[in-house]
Amino acid sequence: MPPKKRPRVGPKTADPAKADGGEKVSSLDASDGGTRKVAGTSKKRAGAVEPPPHNHWLMKSEPESRFENGVDVKFGIEDLKAMPDQTSCWDGVRSFQARNFMRQMKKGQMAFFYHSNCKEPGIAGLMKVVKEAYVDHTQFDKKDVHFDGSSKPDNPKWSMVDVQYLRMMKRFIPLSELKRYHLQHRAEGGPLKDMALFTKARLSVQPLTTEEFEFVLGLEDKAPGRILTKLLK
């Protein structure tokens, strides 16, 4: 009997295994931890500037089969589209920083669905947040690949949101194309110069500025051949 497929998001998408640049990363990056407190830093500093709230997101999942403990953790945009009401919980995030980003999400905000850890990583489509952060039940399920024995029901570590499919991109936006823009903008200035996809590559849930989101969305209307020619000039 073949291993049972899980009709939810892959367990550790880009937080574990490989960043899309090809470098190996740890499955639980302690440096992401947003829960540690340093003595004397719990109070806000006088005059400190609060970071701007994020309104757009990029969320990674694996569109190709990969088995963990006999379970296929594959979950691509077509899988989301096939779910009832084209909606699914986004479970299995086990990075504190990625979890904290999900806790910031608001209902109605849009996110890019990014295909990760596959032959051609990149942005496949659009989805929106339809339920704000709540407890990720998979952390308590001993049979689930996301089980975390250190998390307790009275003080759960991990959260998830619900997302709904909106549409496919007019054309797939590959990582290689985004990287060329990132390098160009870093050298000459532009909206993708600090894009988290390259500055925080291991995170499976990443914030986007409005400028980053609108620039990337605009790429779907441009022919990739023309883009490459322009960038190589």
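**Salt bridges, sheet and cores in a predicted model**

Biologist: In this predicted model, K170 and D221 form a salt bridge. What makes the contact count as one?

Modeller: The closest N and O atoms of K170 and D221 are 2.9 Å apart. The cut-off is 4 Å between a side-chain nitrogen of Lys or Arg and a carboxyl oxygen of Asp or Glu, so the pair qualifies.

Biologist: Why is this pair said to tie parts together?

Modeller: K170 belongs to strand β7, while D221 sits in the loop between α5 (210–219) and α6 (224–232); the pair therefore links parts that are 51 residues apart in sequence. Both K170 and D221 are exposed.

Biologist: How many salt bridges are there in the whole structure?

Modeller: The search finds 8. One of them joins the side chains of K193 and D194, at 2.8 Å from N to O.

Biologist: Why is K193 called neither buried nor exposed?

Modeller: Its relative accessibility is 36%. Buried requires under 20% and exposed over 50%, so K193 is partly exposed.

Biologist: How do you know that E62 and R66 form a salt bridge?

Modeller: Their closest N and O atoms are 2.7 Å apart, and the limit is 4 Å. The salt bridge is therefore counted.

Biologist: Is E62 buried or exposed?

Modeller: E62 has 1% relative accessibility, which is under 20%, so E62 counts as buried.

Biologist: Turning to the strands, what makes β1 and β8 a pair?

Modeller: DSSP must find at least two bridges between two strands. β1 and β8 have 4, in the antiparallel sense, so they pair. Within this pairing, W57 has P207 in β8 as its bridge partner. β6 and β7 also run antiparallel, with 10 bridges between them.

Biologist: Why are β4 and β8 called edge strands?

Modeller: The open sheet has 6 strands in the order β4-β7-β6-β5-β1-β8, with mixed pairing. β4 (87–89) and β8 each pair on one side only. Neighbouring strands of the sheet are turned by 35° against each other on average, direction ignored.

Biologist: What makes β8 a strand with both faces covered?

Modeller: V205 and P207 on one side are buried, and so are Q206 and L208 on the other.

Biologist: Which elements cover the buried residues of α2?

Modeller: They include β1 (56–61), β6 (122–135), β7 (159–174) and β8 (205–208). The buried residues of α2 (96–104) are F96, A98, R99, F101 and M102.

Biologist: Which residues have the most contacts inside the largest nonpolar core?

Modeller: In this core of 22 residues, they are M59, W90, M102, M105, M127 and V205. Elements giving two or more residues to the core are β1, α1 (77–82), α2, β5, β6 and β7.

Biologist: What does M59 touch?

Modeller: Leaving out residues up to four places away in sequence, the contacts of M59 include W90, M102, M105, M127, S204 and V205.

Biologist: Which residues belong to the other core?

Modeller: That core has 18 residues and lies apart from the largest one; among them are F112, I173, L178 and Y181.

Notes
Residues are numbered from 1 along each chain as its sequence is written. This is a predicted model: local features need pLDDT of at least 70, side-chain atom pairs count only at pLDDT 80 or more; totals for chains, interfaces and linings use all residues. Side-chain values use heavy atoms; hydrogens and water are left out. Buried means under 20% relative accessible area, exposed over 50%, partly exposed in between (1.4 Å probe, protein chains only). Contact means heavy atoms within 4.5 Å. Axes are lines fitted to C-alpha atoms, for helices over the stretch in contact, and angles run from 0 to 180 degrees between N-to-C directions. A nonpolar core is a set of buried Ala, Val, Leu, Ile, Met, Phe, Trp, Tyr and Cys residues joined through side-chain atoms within 4.5 Å.
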